[in-house]
Amino acid sequence: MAKILVAEDEPALLESFCELVSALGHTVLAASDGDDALDLARREQPDLVVSDYMMPGRTGVELMLALQGDPVLAKVPVVLVSAARPPRSEIALAWRFLGKPVDLTILESSILEGLAASQARGPHAGFAPQPGPHVSPDSLAREDMLSWVAHEIKTPLSAALTLAELTMRGFESGETPDTTAKRLVKMRRQLLRMDELVNAALDAAQLQEGGMEVELVPTDFRELVERAVHYFGDLYPEVAFELADGPSVEIEADAQRLRQILDNLLSNAVKYGAKNGNVEIWLAATDRSASVSVKDYGRGIPQSELPHIFDRFHRVAGSGGRGHGLGLYIAAALSRLHGGEIGVESTPGGGSTFTLTVPLHRREPV
Ligand code: ADP
């Protein structure tokens with residue numbers, strides 16, 4: 001029985017890859033980022049590593065370089081998997097390179113061949129790199145929306161495909177309906193992520209072209225905020241959402257689009273807030289406008305990043321999580337369509353407060 005280390009930041013894929021390794025009869029060591037993977041490798045000395053290319057913290061390439069610089073781990077073969085096509089020089093560091101979505105049969109044979117090579121203690125075999133463009137996150141920011149969607153969608157797509165393949169194998173091997181049901185729930189989650197991505201891309205494209213229309217009607221601001229906060233409270237019972245008392249005012253809004261802005265601010269507060277921490281929400285009003293503030297106690301945003309966080313595709317380096325950098329771009333554009341704006345105050349390490357301000361509904365004089 002061999003020890004195989006699997007490093008992958010997408011939880012559904014990590015679980016699927018681990019399941020596949022266990023089914024091959026090997027011991028699996030799971031890591032959800034590059035730093036954990038290196039620690040585990042140093043401690044456990046695996047016979048083979050399966051690693052994602054893009055991971056928070058240490059990337060797959062940095063992991064391979066660290067392994068190769070360690071006398072005990074230098075010869076451990078690495079199967080590198082990636083949605084993007086890394087440069088040839090990086091691919092050459094790996095025992096095998098597999099593009100996502102990964103074909104499970106090919107992953108299995110790569111693992112088995114890698115183990116055979118590792119046991120024979122043969123020379124570190126190189127992989128004949130295939131030509132292809134290098135796709136880096138920076139260059140992606142300059143590409144058009146279509147290639148961005150194609151790139152971003154690959155992770156949930158490959159997770160869903162892997163889960164579908166495992167489900168089909170499960171039917172053949174007679175696994176319990178309970179196991180199948182759990183896989184289907186995970187698969188659905190990945191499909192919903194894809195749906196979210198496509199919707200965000202469509203909204204962003206429409207906003208950029210000036211083609212988005214909003215229907216502004218008198219709307220009860222407090223009720224709208226309350227509904228959003230309750231929804232998030234149900235969705236994340238581990239987070240305390242504290243909505244303070246505040247004025248009840250009527251604003252001019254497209255309720256669906258305004259809700260979209262609120263959802264983005266609240267979901268960012270959960271994503272980047274302190275784990276299981278609280279999120280505070282309060283309303284304020286002047287004689288011309290109303291505002292809602294969402295405060296979290298999370299990682300905060302460096303001062304130098306603040307002017308850029310509303311840019312299309314912009315993500316603060318090391319943010320982690322599952323962002324795609326379109327949420328605030330869309331939220332800011334939608335708030336402008338309401339005649340409003342979003343402001344932000346943040347302290348690195350101390351949390352962030354995002355405030356959406358929109359004009360009040362003006363009653364016609366009678
Ligand atoms: P994403 O889908 O990446 O979350 P957004 O456009 O909503 O996209 O946010 C852009 C970036 O701004 C995020 O990737 C994150 O780095 C930063 N950010 C947004 N909200 C917060 C917050 N509440 N705390 C810390 N950083 C945040």
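pLDDT is the predictor's confidence in each residue, from 0 to 100. This is a predicted model. Its chain has a mean pLDDT of 89. Of its residues, 92% reach 70 or more.

**The ligand shell**

The ligand is surrounded by 21 residues. Y272, R315, S319, H324 and L328 are the closest. By class, the shell holds seven nonpolar residues, 10 polar ones and four charged ones.

| Residue | Protein atom | Ligand atom | Distance |
|---|---|---|---|
| K271 | side-chain N or O | oxygen | 2.8 Å |
| G325 | backbone N or O | oxygen | 3.0 Å |
| G327 | backbone N or O | oxygen | 3.2 Å |

K271 uses its side chain.

**Burial and secondary structure**

How much of the ligand does the protein bury? Taken alone, the ligand exposes 530 Å², and the protein buries 99% of that.

Which elements give two or more residues to the shell around the ligand? They are α10 (255–272), α11 (327–337) and β12 (351–359). Among them, α10 gives the most, with four residues.

Notes
Residues numbered from 1 in each chain as written. Predicted model: local features only at pLDDT ≥ 70, side-chain atom pairs only at ≥ 80, totals over all residues. Heavy atoms only, no water. Near = heavy atom within 4 Å. Polar contact = N/O pair within 3.5 Å; in protein donor to acceptor, adjacent residues only side chain to side chain. Areas by Shrake-Rupley, 256 points an atom, 1.4 Å probe, with all protein chains shown as cover. Nonpolar A, V, L, I, M, F, W, Y, C, P; charged D, E, K, R; others polar.
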